[in-house]
Every structure is written in structure tokens, then in C-alpha cells.
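Please examine the structure shown below.

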Amino acid sequence: MTENGIPPGMWSRQYEAVLEKQGNNKKMQIKAIFLRLMLAFALVAPAVFVETAAPAAAQSVQRIVVQGNQRVDRESILAYLTFSRGGRYSEAAADESLKNLFQTGLFEDVQISYRGGTVYVRVKEQPLVNRVFFRGNRKVRDKKLADEVQLRERTMFSRAKLAEDIERMRTIYQRLGIRDVVITPKVVRLSQNRVNIVYDFTEGGVVKVREIRFIGNQSIPAGTLRGVMRTKTAAFWRFLTKSDRYDPDRLAQDRELLRLYYLKKGFADVEIVSAEAQLNEKGDGYIITVTINEGPRYKVRNVSVDPGVVEIEPRRLERKILTRPGRYFDASKLSKSLEQMTVETGRSGLPFAVVRPDLQRDPAAGRLDIVYRVEEGPRVYIERIEISGNTRTLDHVIRRELQLAEGDAFNRVLLDRARRRLLALGFFERVVMREEPGSAPDKVVVVIEVKEQSTGTFTVGGGLSYSATGGIKPVATIEVQEKNLLGTGRQLKVKGKLGRDERSVDFSYTEPYLFGFNMSGGFDLLFNQKFLDTHSLLEFGGGLRLGFRLDDYQTLNLRYNLKHRTVTLVDAAVCVPGDPKYSPALCPPGTNWISSVGLTYMYDRLDHPLNPTSGYLLRASLDVAGLGGNVRYVKGEVAGLYLQPVLADHGVSLKLKGTAGYIRSWGGYAMTAADRFYKGGPTFRGFSINGVGPRDTTAQQNYVGGELYAIGTVELHFPLGLPENLGLSGFVFSDFGTVGLVTGNGAGTVNDALALRVSVGAGLLWRSPIGPLQLTAAYAVMKAPWDQTDWLQFGIATKF
């Protein structure tokens, strides 16, 4: 028992019971309190959540603080933020603002935070490029690399642009045929957050094109196709050009050139499947393999115009068609026909009319029918024309060639014509046109992207000519030409010539759109000195020109010339009556002023302005002297050229050429030797220079020139069966015609007969990048007794 009489163990049991009862009461109290708190939280929490969550989603902007900017002003940074003072701040707005600031490329890091109504914009600007250095680039000049890179002096640096610039420079080397080039960039940090960029180059060797192969060319020989391509195979004389180096861009252009060539030759379904370049086994050159699916060759069977629902007389359009039945299909003539017919529909008050060709093929028969269908196109207008890439050429120079303007009806055919006109200027390496949606469904934005190319040339030439009678005659020339002066489209040319028989300097300036009109204007200055057997000629003066393009084929040029001419006799006895050397046809010498007006009309249907292979050209000119001055004559000349492949698949072509001229004095003026025509040498092969035509009856038989000439040429060009990369071809020819007629002083005292002269011959032609070389052997089959012949002629003009 315990002291209080309670048995042992009982007290503890009672106490535990009491404690258990008390504990249960406390638990119940705690549960009650917890339930009361939960109920209160359930009632209060929504209101608290609304009060606290709303500010997190969109908080009021009371102040914006910009930190870290050194070169970029505060206002520029604020312009890229999607929130402003007094507005609402949100995480979404902050993210959008971050994107905008990073996209400028001006910042290396940007942080945006919000605290107590203030937005903090912390920026770390990209370093400023101080200098750019190129080291080790022996095969590409610094200027060419500097023009290509984006990171230049006083531009903001970025790693992305640095990587892009390395690829740009690597592409330049690839176009030069240099594969193994290593470009190592170094970024040197400077004070004031500036950097210098140093590019170290390790250049490899030049890998040239060793062979060009064709697969699938069943109808056209490989040699002919190689001649179409701009890419050439390696040859020793191409050391001054880059055409024998592998260039992916040039190869892509070659694919298009081959496709156009096939389309021009009647292969309407042609497909240039691929053009691949692979290293040869030695690894010292590329082998280019072009795979072609020619398809059948078509002749045009029927051609018709279907006006449909468009109210236009079909005959008006039929006159514009160049594709003729019975001839091989020519896609270039089809394109030209579409262009002319589209222009004609516009002139007929149908600006939205569209002409579409419907080619109905009969592959088994090799025939196709062409139906030109006229449809009412969608009424879409040009809202805006945007031009980019013309860092030098002024916008208005490009726009005037488009012959399209904002507000005009949109027509893709006319847009294609505008592209061809821009390329024909020679100012641009590439012209890309695309359409983008305008501000309304019936409006489009025309975007024109151009890549400019060099338009200035500096040419130094040296050469020699040889003839059996005249011997070797050296000549040197120098020419400076700019076709796009200061980006205005104006042309400037200075040319000088120095030789044993001739010295000259010519200066010309041309404004292609005089006073904003579609006509050209310009002026010329000249100095010319010639040394002939009997006399020397010194001329200086100038002239004014106006040119009008009547359409795509016809041009008309007007001119006025004023020249001062001095004729000096080699032997004064020539003009002394009674002297054995006396020749009235060469008299009198002295000084004259020649004031003349003239015009030239030209109709050009050649397929290429520089290297034509087919088509024809006609030219006629008339000059009248005597509107001032003391020389009075009327002079007219005509010329014609016709080119036609006769065995195109074998590289055989025909050339026909004819020239004629006549000069006659008026107003009592006596014609002199300096006024007449002089022919021979390259103008009449088989005869020496100035060797065909009237001569006086003195012992010296001096050449006095003729007042009438007519000369024709028939020439057949053919390959020699040698590798085409040698650039050698042969030709046979016949020149025929006459030179004669002497009136005024000397009439009746010369050997003058308008007799037919004929020569035949053959020659070798080498078309090389360093200049054309021609070796001609000719024999005069028919000639006058006093004519001087020359059986061998050689000429080379070298440009370097």
C-alpha cells in the first residue's frame, strides 16, 4: 500500500484514465479549432487569391529604368519594348520585349525585371568593330573580302555574323576553284567595348575543271553543248580567266543555259536532270557530269489564236506571232510572241488580258500545235515596287527599265520582260523578281532583288597585223569604259590607238534617257591621224547624237558632226601640173571644215548582242555634209548580216554579209581623195589594204579611192575535229564585189572600172580569252590589172 492507502498500481491506472479523458477533450478542442480555421480559410482565400494573383499577371508600370547602354540611346531601346510607362507589365510582354531587343543584333545580353512598379531593363551591348584585318589571303584581294563581309568598321559585332562572314569568304574561294581554304578568326578585345577582328587564311591550291561529260545527249554533240556552257575545261591559255574553275553558281547557270538551248532547238520536253561535280582520282581536278533527258524534237504543225470571251480581233495578235508552221519549235520565239501579244492586248484597252500558250504535242510524229489562248486575267494591281541590292545603281535607273509603275495592272509576262531588260543593261549579275501580297486581295507588291556587278573596264591591247605586201605592223590600244557612271546609267568611254599607220583618241559620253524621255543623247570628241602611201590625214572635232528605240528590234540614230581636216601630201610634186607625178585625183591638199548631219536606221534580229549564232541585222545610214563648212557631199551606206546554223548538230554555220556605199558631191564641190572610200585587207580579203579600186595613171599608180563600193561575203564555219577546249575552228569564204567611180578632180586620169572582183580562201579562227586570232589565206580569182593582192593575212588583238 502506498502512503495514502491506495494499493500499488491502482493510482497509476486511475491517473492514466484521467489523463486519457483529458487528452480526448483536448483533441476534440483542437479538431474544432482546425475545422473553424479551415472554414475561415475557405471563405477568405478566394478574395486573398484575387487580390494577390491579379498583380502578378499584369502589374502597373510606373517607371522604366534602362541600364548598361553606352552607344544605343534610351529612346531606341524603349521603342522595342511592348509595354510603356503607365501601362501594364506582364511576363509575356517581357518575353516579347526580350525577343525584339535580341533581334536587333545590338546586344550581347538583355535582362528585364519588375520591382515595386519599376521595370529594370539591363543591357550589355555588343562590342563595336574597330578594325578588320585579313592575313595570308594571297589569292583574293582585301577589298573583295571586305566588300563581302557584314562585320565592318563601326558595326556591331556578333558571333552569328562572324560565322556567316566566314562562309561568305569561303564561297568566294570556292568560286575561284580553291577548295582547301582554312579561315581562322581572332577577336581581340579593346577598351571602350571595342574589338578588332583578324582573319587568318591558309589557302590551298586551285582545282580546275578537267573534264565535262554528258549523259543522254543523243541528238546534240557534246562539243556543241560544252560551247553553250560558261564553265570551261582547263587549258594553258586560260591563265587570265576563271572559267575553268569550278563554281557552283556558274554551274547552276550552265544548267539553265543548256535547257534554254535545247528549248530553242525544238526539244520542248527537255529536262536537265542533274549537273554534278566530283574530284577525279588524282584529286587535282573536277569532272562535271551533266545528265540530260532530251525528249522528242518537235516541229510546229499549226499555229492559231483563240480569243475566247475576250473581245479582240485575232488578226491583231496573229501579226505578233513569231512561231511559224514547218519550223522547229523555238521557246525563245514563243516567249517573245507572248510578250508582244500581251503588249498588244494592253494597247487594245485590255490591261488584264492574259495570253497563255497551249502546246498540243504529238510525240510519235514529232509535231506540236500551238494555240495562243486569250483569257481575262484576275484584276490585280501593283500596289508598290520595292527594290533592294542596288548599292550603287540609283532606283530611278532601274524603274525606268521596268515600264511598269505603281497602280498598273499586274502581268507576269510584262514582269518577265522587265527582268530581261534589266539584265540586258549589263549592270547586274543577277535579277530576282517575286510577288508578295498587298494590303488588299486585288493588290500585289513587286519585290526586285538585284546583285550588281562591275560596269567599268580598263583594257590595254597590243597586237600585230601581217600581210605579204605590208609586212608586220604593230598596234597598241588602250580603252577606259564605264557603262554605269556614278550609278546613273550614263556611259563614258575613252579609247586611244597607236600604230604605224594610225593614231587616234576618241571620247564619248551617252545619256540613255535624255531629259527623262525614252531617247538617248550624247556627244563625241575625236582626234585621228592616218598615214597613207600618198598623203597623211589629220582630223579633230566632235559631234552630237540622239538615239530612238522604235521597238525591241528597230533603232534610229540622228547625229551632227563638225570636223577640221588637214590633208598633207607625202610628195608635193603630186599636185604640180606638168610633173610626171602629177595626179589631179589627189588634189588639192589643204584644210577643210566638214559640217554634216546624218541618221542611221538599224533592224536587229540577231539572237545575241555579243556572240550571235543565228538571225540577221540590217543597217542603213545617210550623211549630208555642207550645212556649214566648205565640204559638200551626200553619203549613203547599207549593210546586212545573216547567220544561220546549217548543220547545227555538227557545229557548221553559214554567214552571209553585204555592204555597199555611195558618195556624191553637190553645190559645185570637187570630190577629193580624202572623201572617198578605201577598201581592201580585212574588208576585201585577197587584196592588200587600200589595194582594190581606182589608181592614177602615174608610174607610182597611187590609190585614189572610189566613190562607190559593193562587197559581199559568203562564209562557212566548221569545227576541225580537235578537242573543243582548244577553241580552234576553220572557215572557208568568198569575197566578191567592186570599188570604183572617180568624179571631180582626176576624172578621166585614173584607171577606174567597176569590174567584179572575186577572191576565195580559207582560214583558222582561235577564240580565246586573250583575244581572237585569225589566220587567212586568200587568192584573188578575178581582179583588175592595177589591183594589189595580198594572199596571207594574220591578226591578233590581245587584251590583258
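**Pocket, cores, sheet and backbone**

The second largest pocket of this predicted model has a volume of about 690 Å³.

Q: Which residues line the second largest pocket closest to its centre?
A: The lining comprises 32 residues, and those closest to the centre are Val343, Arg347, Arg417, Asp551 and Asp552. A residue counts as lining because it has an atom within 4 Å of a point of the pocket.

Q: Which elements give two or more residues to the lining of this pocket, and which gives the largest share?
A: The elements that contribute two or more residues are H9 and H11. The largest share comes from H9, with eight residues.

Q: Why is Gln403 called partly exposed?
A: The relative accessibility of Gln403 is 39%. Buried requires a value under 20% and exposed a value over 50%; 39% lies in between, so Gln403 counts as partly exposed.

Q: Which peptide bond is cis, and what is its omega?
A: The bond that joins Cys587 and Pro588 is cis, with omega about -5°. Pro588 is found in the loop between strand S24 (554-569) and strand S25 (590-604).

Q: What makes a set of residues a nonpolar core, and which members of the largest one touch the most others?
A: A set is called a nonpolar core because its buried nonpolar residues are joined through side-chain atoms within 4.5 Å. The largest such core has 41 residues, of which Phe214, Leu225, Val290, Ile292, Phe329 and Tyr372 touch the most other members. H7 gives the most to this core, with five residues. Apart from it lies another core, of 22 residues, among them Ile385, Leu402, Phe410 and Ile448.

Q: Which residues does Leu225 touch?
A: Leaving aside residues up to four places away in sequence, Leu225 touches Phe214, Asn217, Ile220, Leu258, Tyr261, Tyr262 and Ile292.

Q: Why are S2 and S4 called edge strands?
A: The open sheet has three strands in the order S2-S5-S4, with mixed pairing. Strand S2 (63-67) and strand S4 (107-115) each pair on one side only, and are the edge strands. The twist from one strand to the next averages 15°.

Q: How do you know that S2 and S5 pair?
A: Pairing requires at least two bridges. Five bridges join S2 to strand S5 (residues 118-125), so the two strands pair; they run parallel. Val65 stands opposite Tyr120 in S5. Helix H3 (residues 91-103) packs on the sheet, touching S4 and S5, and its direction makes about 160° with that of S4.

Q: What share of the protein is buried?
A: Buried residues make up 39% of the 800 residues. The protein has eleven helices and 35 strands.

Definitions and conventions
Residues are numbered from 1 along each chain as its sequence is written. This is a predicted model: local features need pLDDT of at least 70, side-chain atom pairs count only at pLDDT 80 or more; totals for chains, interfaces and linings use all residues. Side-chain values use heavy atoms; hydrogens and water are left out. Helices (H or I, at least four residues) and strands (E, at least two) are DSSP runs, numbered from the N terminus. Buried means under 20% relative accessible area, exposed over 50%, partly exposed in between (1.4 Å probe, protein chains only). Contact means heavy atoms within 4.5 Å. Axes are lines fitted to C-alpha atoms, for helices over the stretch in contact, and angles run from 0 to 180 degrees between N-to-C directions. On a 1 Å grid over the protein atoms alone, a cavity is a set of points where a 1.4 Å probe fits but cannot get out, and a pocket is an open set with protein on both sides within 12 Å along at least five of seven lines; lining residues have an atom within 4 Å of a point. Grid points are joined across faces, edges and corners, and a volume is the space filled by probe spheres set on the points.
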